[in-house]
Amino acid sequence: MSRMAMRVSPSASSALSLLNCKQPPPVSCIRVPCLSRSSPPSLSYTFNPLRSFIGHGGSRSPGFRVHCYAPAPLTPPNLQWISTISSVVLILARGTAVPKSYIVPLFALQAPAGVVSWIKGRYGVWTAFLALLIRLFFYIPGELELPFLALLLLMVAPYEAMKLRYTKEGAVISLLISVYLAFQHFSRTSLQQSFDQGSIVATLAVICITVVSLLLLI
């Protein structure tokens, strides 16, 4: 059997080694991450190079996808900021006969969480302390005294009262207050006078407060 064995020449062995060197490397799978539906809203581009090919019909089908997400402008935090700014404007505005003391509990119910945290924090306490010192020695008009009362109301409000801010009952109370303010504003002045130059700011503030209270309830 040893005599019948085939001997391989050195040239043949070198040729076989060259063929082995020219073999392609093993193909590894490439995973391209894809955005899921739970990813945060953004404008993102995902390109997969393995999906870019030219089909049999000559049409190109690239693996390029565009995900466009538009942020919702009417989120509850944005509505709370609109209501807070409108309440401050209505307190300082002239040309309206609404009882402005009702704006204080409305502000406490619809103020954003960041504003409430600031008021209950160290800076809010110092602000209330300085405002109280100024109030003791100087005269403050009623329009400037109401923000100070709103500050104190949020600072001393108990936990059970603050829980109304995130319930349907609190949204109903806010809507009733805003509807009452709108009724007082439009019933004491005519519709034409409400949109005059002296009352247009208060009218817009009342409309914004009422619409925002309705949207927060829905």
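I started with helix α2 and listed its buried residues: Leu79, Gln80, Ser83, Thr84, Ser86, Ser87, Leu90 and Ile91. The model is a predicted one, and I read every entry below with that in mind.

I then looked up what these residues face. The buried residues of α2 pack against α3, α4 (113–120), α6 (142–156), α8 and α10 (200–217).

With 17 residues at 1.5 Å a residue, α2 should span 24 Å, and its end C-alpha atoms are 24 Å apart, so the two agree.

**Core**

Next I looked up the largest nonpolar core, which has 27 residues. Which of its members touch the most other members? I noted Leu90, Phe107, Ile119, Leu154 and Leu181. Leu90 is also on my list of buried residues in α2.

I sorted the core by helix. At least two residues come from each of α2, α3, α4, α6, α8 and α10. The helix that gives the most is α3, with 5 residues. By domain, I found at least three core residues from domain 1 (100–158) and at least three from domain 2 (159–190).

**Aromatic pairs**

I searched the whole structure for aromatic pairs and got 2. One is formed by Tyr102 and Tyr180, with 5.0 Å centre to centre and 50° between the planes, and it is tilted. This pair links distant parts of the chain: Tyr102 lies in the loop between α2 (76–92) and α3 (103–110), Tyr180 lies in helix α8 (residues 168–188), and 78 residues separate them.

Are these two tyrosines buried, exposed or partly exposed? Tyr102 has a relative accessible area of 37% and is partly exposed. Tyr180 is partly exposed too, at 32%.

I turned to Trp126 and Phe129, whose ring centres are 5.8 Å apart with the planes at 90°, so this pair is edge-to-face. Both residues lie in helix α5 (residues 122–137), 3 residues apart, which is about one turn of the helix. I looked up their accessibility: Trp126 is partly exposed at 48%, and Phe129 is partly exposed at 42%.

**Pro99**

I went back to the loop between α2 and α3, where Pro99 has its place. Its relative accessible area is 21%; the cut-off for buried is under 20%, so Pro99 counts as partly exposed.

What does Pro99 touch, not counting residues up to four places away in sequence? I found Tyr180, Leu181 and Gln184. Pro99 and Gln184 are 85 residues apart in sequence, yet 7.9 Å apart in space, C-alpha to C-alpha.

**Annotation**

Last, I read the UniProt record, an unreviewed entry, which annotates residues 146–162, 169–186 and 198–217 as "transmembrane region". I compared two of these spans with the model. Residues 146–162 are 88% helix and 0% strand, with end C-alpha atoms 19 Å apart. Residues 169–186 are 100% helix and 0% strand, with end C-alpha atoms 26 Å apart.

Definitions and conventions. Residues are numbered from 1 along each chain as its sequence is written. This is a predicted model: local features need pLDDT of at least 70, side-chain atom pairs count only at pLDDT 80 or more; totals for chains, interfaces and linings use all residues. Side-chain values use heavy atoms; hydrogens and water are left out. Rings of Phe, Tyr and Trp (its six-membered ring) pair if their centres lie within 6.5 Å; planes under 30 degrees apart count as stacked, over 60 as edge-to-face and the rest as tilted. Helices (H or I, at least four residues) and strands (E, at least two) are DSSP runs, numbered from the N terminus. Buried means under 20% relative accessible area, exposed over 50%, partly exposed in between (1.4 Å probe, protein chains only). The expected span of a helix is 1.5 Å times one less than its number of residues. Contact means heavy atoms within 4.5 Å. UniProt positions are given in the numbering used here, feature names are shortened, and annotations may be inferred rather than shown by experiment. A nonpolar core is a set of buried Ala, Val, Leu, Ile, Met, Phe, Trp, Tyr and Cys residues joined through side-chain atoms within 4.5 Å. Domain bounds come from an automatic or database domain assignment.
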